[in-house]
Amino acid sequence: MILDGQKVAIHMAGELDKRIKILKDGGIIPGLAIVLGGSSRPAAMYGAFLKKKAESYGISATVIKKPDSVTEGELIEVIRSLNDNHAIHGILLLMPLPEGISSDNVVEAMDPYKDIDGLTAANRGRLAAGKPGFVPCTPRAVMAILEEYGIAVNGKKAVVLGRSNVVGLPVSLLLLQKHATVTICHSHTGDIAEISRTADILVSAVGKPGMVTADMVKRGAVVIDVGICRQNGKTVGDVETKEVAEKSSYITPVPGGVGAVTTSMMIQALVEAAEKRKNGGSHNE
């Protein structure tokens, strides 16, 4: 069965519209700032897409673009000015940044309450501790798809391919919080195929086209493909979808799977940030 991300996104849209209306009725218009440093064309295209998506919800969205010559200090000053801007509820820092700039330093300049993609150490720590906070939107999208389709996580064996701070590690922690038994595989893991074949839920977040083949998947497994690449003019994921679909019980397509939900999770996180500000700015609200 195909796990249709567009279906999940449409379901989320109705709920988001209601929450945004409540905020607006209270005089609050959620404000999003998208920060781009440098001339990365994919980042610029994604920023424009996010702006258009936010505006489709009636949300205020601004793209702040700095040239390749921008310094680390200048980017940090941009972030700090957004921290102090009460019209901005969420900040998205798009990667990559120009060479020579420490993304960690720029990220850590963000107010954790405006860090809606959960990149700061404060939010990553809260996730690891099982406390409320902002979580990267792609891992949240994975969990939203599983929930929407009623796929049980409790007691299942989950294998995550990839350990990045943006996807692999946070999705592992989210699965663990739902009481899955989680194994993380990475570039130093021996015989990944042997491990992946044990998974009831297999999440691939590597970014290597066609890495996951049918021989790596247990029959009846749920396969979540987070990878996204361009290959021969087409958008593809980590999974050889056609052959793996014959063995799996559920599978996400690329495109139209996790990516379709990730943008909605961005909007949801922005709305949560605005709601928290309204309630005093606490993660516990």
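The largest nonpolar core holds 56 residues, and Leu146, Leu175, Val203 and Ile224 are the ones with the most contacts inside it. Helix H10 is the top contributor to this core, giving ten residues. Keep in mind that you're looking at a predicted model.

- Take Ile224: setting aside neighbours within four places in sequence, Ile224 is in contact with Leu3, Val142, Leu146, Leu202, Val203, Ser204, Thr252 and Val258.
- There's also a second, separate core of 18 residues, with Val78, Ile88, Leu93 and Leu119 among them.
- As background, nonpolar side chains in soluble globular proteins tend to be buried together.

**The chain as a whole**

- You'll find ten helices and ten strands in the chain.
- The radius of gyration is 19 Å, close to the 19 Å that the globule rule gives for 285 residues, so the chain is as compact as a globular protein of that length.
- Along the principal axes, the C-alpha atoms fill a box of roughly 50 × 40 × 35 Å.
- Of the 285 residues in the chain, 48% are buried.
- Looking at contacts with a separation of 6 or more, 71% are between residues 24 or more positions apart.

**The largest pocket**

- This pocket has about 1600 Å³ of space.
- Its lining is made up of 48 residues, and Tyr46, Thr138, Val166, Ile228 and Thr262 lie nearest the centre.
- Two or more lining residues come from each of helix H2 (41–56), strand E3 (90–94), helix H4 (103–108), H6, strand E8 (229–231) and helix H10 (258–278).
- H10 gives the most to this lining, with six residues.
- Sorted by class, the lining of the largest pocket has 27 nonpolar, 15 polar and six charged residues.

**The second largest pocket**

- Here the space comes to about 500 Å³.
- There are 18 residues lining this second largest pocket, and the closest to its centre are Arg140, Met143, Ala144, Glu147 and Met265.
- Helix H1 (5–25), H6, H7 and H10 each supply at least two residues of that lining.
- H6 provides the largest share of the lining of the second largest pocket, six residues.
- By class, this lining divides into ten nonpolar, three polar and five charged residues.

**A closer look at Ala141**

- Ala141 sits in helix H6.
- Is Ala141 buried or exposed? With a relative accessibility of 0%, Ala141 counts as buried.
- Not counting residues up to four places away in sequence, Ala141 touches Val258, Val261, Thr262 and Met265.
- From Ala141 to Ile228 is 87 residues in sequence and 14 Å in space, C-alpha to C-alpha.

**Helix H7 and what comes after**

- H7 covers residues 168–177, and its buried residues are Gly168, Pro170, Val171, Ser172, Leu174 and Leu175.
- What do the buried residues of H7 pack against? They pack against helix H5 (121–128), helix H6 (137–148), strand E4 (157–161), strand E5 (181–185) and strand E6 (201–204).
- A handy general point: an α-helix has 3.6 residues a turn, so residues three or four places apart point the same way.
- After H7 comes His179, which has a positive phi, near 75°.

Note on methods
Residues are numbered from 1 along each chain as its sequence is written. This is a predicted model: local features need pLDDT of at least 70, side-chain atom pairs count only at pLDDT 80 or more; totals for chains, interfaces and linings use all residues. Side-chain values use heavy atoms; hydrogens and water are left out. Buried means under 20% relative accessible area, exposed over 50%, partly exposed in between (1.4 Å probe, protein chains only). Helices (H or I, at least four residues) and strands (E, at least two) are DSSP runs, numbered from the N terminus. Contact means heavy atoms within 4.5 Å. On a 1 Å grid over the protein atoms alone, a cavity is a set of points where a 1.4 Å probe fits but cannot get out, and a pocket is an open set with protein on both sides within 12 Å along at least five of seven lines; lining residues have an atom within 4 Å of a point. Grid points are joined across faces, edges and corners, and a volume is the space filled by probe spheres set on the points. Ala, Val, Leu, Ile, Met, Phe, Trp, Tyr, Cys and Pro count as nonpolar, Asp, Glu, Lys and Arg as charged, and the others, Gly among them, as polar. A nonpolar core is a set of buried Ala, Val, Leu, Ile, Met, Phe, Trp, Tyr and Cys residues joined through side-chain atoms within 4.5 Å. The radius of gyration is taken over C-alpha atoms; the globule rule is 2.2 Å times the number of residues to the power 0.38.
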